[in-house]
Amino acid sequence: QVQLVESGGGLVQAGGSLRLSCAASGRIFNINTMGWYRQAPGKQRELVATITTGDTTNYADSVKGRFIISRDNAKNTVGLQMNSLQPEDTAVYYCAADAWAVLVPAKWYWGQGTQVTVSS
């Protein structure tokens, strides 16, 4: 099994910044893609950004130019630097990864989520 734990969420004023972090643990054999998704109240969960082992990134149009995703393959961590935050960024942010655990086929794993609230 693989466990993902997010940290760094909180309350910030519009225009401010936050950095989210996610650490993967467990009997990890390999992690391919890691990413961040978010879900606001009453809305569907949506992609924020993903990053591959080779550092290929993909961002939602709504966060391009403001958010930066990064990862440390050796430490099995992924970060999300969020700049110029806006009230519409308010959501629960989830870390996700497609990974192989030892003796277990690849599957998607999800963290428990961390709340990000942006006030005006």
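This is a predicted model: local features need pLDDT of at least 70, side-chain atom pairs count only at pLDDT 80 or more; totals for chains, interfaces and linings use all residues.
**Entry 1**

I then counted the aromatic pairs by the ring-centre rule, and the count came to two.

From Trp 110 I moved to the charge placed above it, and found that Arg 45 lies over the face of this ring, at 4.7 Å from the ring centre. I also looked at Tyr 94, and there the charged end of Arg 45 sits over the ring at 3.9 Å from its centre.

**Entry 1: Glu 6**

What does the side chain of Glu 6 reach, given that Glu 6 is buried yet has no salt bridge? I first placed the residue, which belongs to strand β1, residues 2–7. I then searched for a side chain of opposite charge, and the nearest one is that of Arg 45, at 7.9 Å. A salt bridge needs a nitrogen of Lys or Arg within 4 Å of a carboxyl oxygen, and I recorded no such bridge for Glu 6.

The side chain of Glu 6 does reach backbone nitrogens: that of Gln 112 at 3.1 Å, and that of Gly 113 at 3.0 Å. I also listed the contacts of Glu 6, leaving aside its neighbours within four places in sequence, and among them are Ser 21, Cys 22, Trp 36, Tyr 94, Cys 95 and Thr 114. Gln 112 and Gly 113 are in that list too.

**Entry 2: salt bridges around Arg 38**

I counted the salt bridges next, and the structure holds four. I followed Arg 38 first, whose side chain meets that of Glu 46 in a salt bridge with an N to O distance of 2.8 Å. Arg 38 counts as buried because its relative accessibility is 5%, whereas Glu 46, with a relative accessible area of 37%, is partly exposed.

Arg 38 also meets Asp 89 in a salt bridge, here at 3.0 Å, N to O. Arg 38 lies in strand β4, residues 28–39, and Asp 89 in the loop between β8 and β9, so the pair ties together parts that are 51 residues apart in sequence. Is Asp 89 buried or exposed? I found a relative accessibility of 0%, so Asp 89 counts as buried. Through shared partners, salt bridges join Arg 38, Glu 46, Arg 66 and Asp 89 into one network.

I looked up one further bridge, between Lys 64 and Asp 61, where the closest N and O atoms are 3.2 Å apart. Asp 61 counts as exposed because its relative accessibility is 65%.

**Entry 3: positive phi angles**

Most residues other than glycine have a negative phi. Which residue other than glycine has a phi near 70°? I found that value at Asp 55, which sits in the loop between β5 (46–51) and β6 (57–59). With a relative accessible area of 48%, Asp 55 is partly exposed.

Ser 84 likewise is not a glycine and has a positive phi, of about 50°. I located Ser 84 in the loop between β8 (77–82) and β9, and its relative accessible area of 40% makes it partly exposed.

Ala 101 lies in strand β9, residues 91–101, and counts as buried because its relative accessibility is 2%. Between Ala 101 and Asn 30 I noted a C-alpha to C-alpha distance of 7.0 Å, across a separation of 71 residues in sequence. Beyond four places in sequence, Ala 101 touches Gln 1, Val 2, Arg 27, Ile 28, Phe 29 and Tyr 109.

Gln 115 belongs to strand β11, residues 114–119, and is partly exposed, with a relative accessible area of 39%. A polar atom of the side chain of Gln 115 lies 3.4 Å from the backbone oxygen of Ala 91. Ala 91 is also one of the residues that Gln 115 touches beyond four places in sequence, a list including Gly 9, Gly 10, Thr 90 and Val 92. I checked Gln 86 as well, and found it 29 residues from Gln 115 in sequence and 14 Å away in space, C-alpha to C-alpha.

Definitions and conventions:
Residues are numbered from 1 along each chain as its sequence is written. Side-chain values use heavy atoms; hydrogens and water are left out. Helices (H or I, at least four residues) and strands (E, at least two) are DSSP runs, numbered from the N terminus. Buried means under 20% relative accessible area, exposed over 50%, partly exposed in between (1.4 Å probe, protein chains only). Lys and Arg count as positive and Asp and Glu as negative; His and the chain ends are not counted. A polar contact is a pair of N or O atoms within 3.5 Å; within protein, one must be able to donate a hydrogen and the other to accept it, and residues adjacent in sequence count only if both atoms are side-chain atoms. Contact means heavy atoms within 4.5 Å. Rings of Phe, Tyr and Trp (its six-membered ring) pair if their centres lie within 6.5 Å; planes under 30 degrees apart count as stacked, over 60 as edge-to-face and the rest as tilted. A charge sits over a ring if NZ of Lys or CZ of Arg is within 6 Å of the ring centre and within 35 degrees of the ring normal.
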